[in-house]
Amino acid sequence: MRLHSSQALTLLLLVHSVDKVVGLDLSQCFSDITTNASLTNNLVGLLDSNGYPVSNISDATAISYSLCTSVCGNTRDFQWLALSQDFSSWLLPYLALISQLPFGAQYRSDDIMSAILTVGSPVLAGYSLFVTLLNSRWINHRFRQLPVKYPNSHFALSIVSSLQQVPLDLHLIDFASLVVLPENDCWWKILSQQMNYTHKWSAASATSIAWVIIAYILSIANSPSNAFTSTQADGGATGSMWLWLVPIVAGWLVLSPKCDFNRLQAAYDRADEHAHTESTNVPAGTSTQRALTITAQDHEVMSPDELLTPPVFNYSRSLPWANTADTMFRVFEAASEKVRNRIPVNKPDEDGVWASDLRSAIHPDNRRGTHEQIRAYCAITAQRSHWVPGVFTRMAFASCVSLALQWGTVGGAIIIEWFTPTTGMGCRSLSYFIYGAVSTIIWMMLLISSILAHYSAAYSNRKPSSARESPPRQEPLSARVSLALSHCLRRMGKLLAITNSGWVITTCILQYSDIYDTCFCNSSMLSRGAAAYITIFETSAQAALAKGAWFGALSLACGSALAFFVTVGLLVDTIPTEPSL
């Protein structure tokens with residue numbers, strides 16, 4: 001339909017007058033359009049709530065995308081005042097809460113990277129937390145199945161469960177002496193005592209969590225009651241998107257991971273002064289060989305992330321830690337089986353004399369012998385798989401729980417924006433979806449990287465020559481390719497995490513500064529295409545739909561966050577507790 005010359009002149013004057021308005025005022029623009037339509041009787045571009053043309057101006061509640069861009073413009077000035085208010089009210093509490101995550105790396109740059117990984121991939125953060133919890137439950141269950149509680153087994157259980165934040169490894173031959181010899185009882189006790197510290201609740205952590213919860217409640221209360229919620233002007237959607245951070249921080253506070261590198265190193269060095277490798281007075285700490293190690297060099301691990309103590313990197317240590325923990329258990333199991341059959345160390349045949357002592361369950365004389373006798377006493381007869389049974393079940397469970405946490409919170413934010421008129425995929429909902437999708441991709445890349453690294457470790461000669469149980473062998477091509485692919489995925493995953501962390505903060509800034517309040521973003525052009533339109537005034541039906549979606553989204557976000565924390569709380573009582581000294 002062509003415009004008459006008088007109508008075209010009127011439209012040009014209207015466009016000129018709207019351009020004089022600072023920014024983009026859609027309500028004022030709509031008023032000007034309807035006024036012009038009354039004068040010219042031209043209803044082109046005026047639509048009802050469903051996007052259909054109207055025959056009466058009074059029925060118009062929306063305008064077409066083309067009319068909006070041609071008359072109202074498609075730009076929005078950066079609103080510094082709105083940004084400062086909304087940023088400090090809705091986003092700043094979450095950024096402050098990041099400081100309550102467990103850190104403790106040897107270098108500050110690694111602590112910063114751990115925060116970036118957490119923000120860049122909530123799935124990875126939840127996975128590392130939950131797999132740590134499940135690993136502790138698993139090793140606790142295994143040690144409690146010992147036929148006889150061998151001396152120091154309760155210390156060993158507490159120590160191995162606490163050392164998931166370090167590249168734990170053992171030298172099997174010398175570790176048998178550490179387990180059997182009564183002279184090493186002091187080593188186990190001191191190490192357990194030195195590691196008996198907690199990263200627990202404090203006034204700062206409680207205040208930070210309370211601040212976030214109050215800000216989120218206020219963002220919900222601040223939402224307009226008519227449910228045309230103007231989510232671009234409040235923190236309801238962005239608050240839901242960030243809500244995953246609360247159970248992650250609270251969960252780590254409950255688990256209290258031992259991740260202070262300097263403190264762990266000092267505790268181990270002090271305990272190692274009391275370690276012995278045989279029935280002599282020569283400490284094991286005087287030699288370069290250690291039965292159990294908690295540190296390593298870059299060339300001794302398959303992934304550099306294994307060296308970083310912040311617990312978000314537990315994803316890289318879960319598989320090798322499970323191998324080491326299983327080996328420790330099997331050594332204690334072999335010794336316990338000998339005790340049940342009343343076989344002393346220095347007389348490995350079944351006719352050996354068993355010394356009795358009413359003061360202790362196992363007489364110290366039953367635990368002394370030569371290096372060869374000790375090694376035979378704790379020999380692991382069954383062939384071990386490089387993949388500890390049940391490890392993939394725990395990984396799958398942790399993956400499902402962490403995915404539910406992220407997509408419950410981020411999905412809630414997407415639902416809020418999707419059902420805000422005009423319904424459909426817009427700039428805000430797409431931004432949230434990109435954040436969640438990239439977060440999931442990061443988690444997949446780093447998880448696959450850890451699996452490939454562990455696969456290649458079975459054929460690797462990276463351990464020091466003194467720690468190898470067999471001579472060096474040629475690494476097969478599949479192991480070398482797997483390791484190279486592992487490094488590539490890890491680096492790409494970290495690069496994506498840096499990008500995604502910046503993206504989610506930038507998205508919030510764009511929303512708070514009203515940059516998204518444009519014809520393109522408000523018309524859901526991404527999903528509606530040529531049929532896109534901008535809702536100016538909502539109808540009662542739209543209000544009911546938006547309200548239902550709003551409350552459903554909030555329930556989804558809050559429910560997923562609460563379910564994650566409750567699950568952690570229900571399972572935490574099955575992990576090892578600190579032994580009484």
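This is a predicted model: local features need pLDDT of at least 70, side-chain atom pairs count only at pLDDT 80 or more; totals for chains, interfaces and linings use all residues.
Local features need pLDDT of at least 70, side-chain atom pairs count only at pLDDT 80 or more, and totals for chains, interfaces and linings use all residues. Residues are numbered from 1 along each chain as its sequence is written, and side-chain values use heavy atoms, with hydrogens and water left out.

Q: Which residues have the most contacts inside the largest nonpolar core?
A: A nonpolar core is a set of buried Ala, Val, Leu, Ile, Met, Phe, Trp, Tyr and Cys residues joined through side-chain atoms within 4.5 Å; buried means under 20% relative accessible area, exposed over 50%, partly exposed in between (1.4 Å probe, protein chains only). The largest such core holds 120 residues. Those with the most contacts inside it are Phe175, Trp188 and Trp242.

Q: What is the handedness of the disulfide of Cys29 and Cys72?
A: A disulfide is a pair of cysteine sulfur atoms within 2.5 Å, and those of Cys29 and Cys72 are 1.7 Å apart. The torsion about their S-S bond is about -85°, so the disulfide is left-handed.

Q: Is Cys400 buried or exposed?
A: The relative accessibility of Cys400 is 53%. Cys400 therefore counts as exposed.
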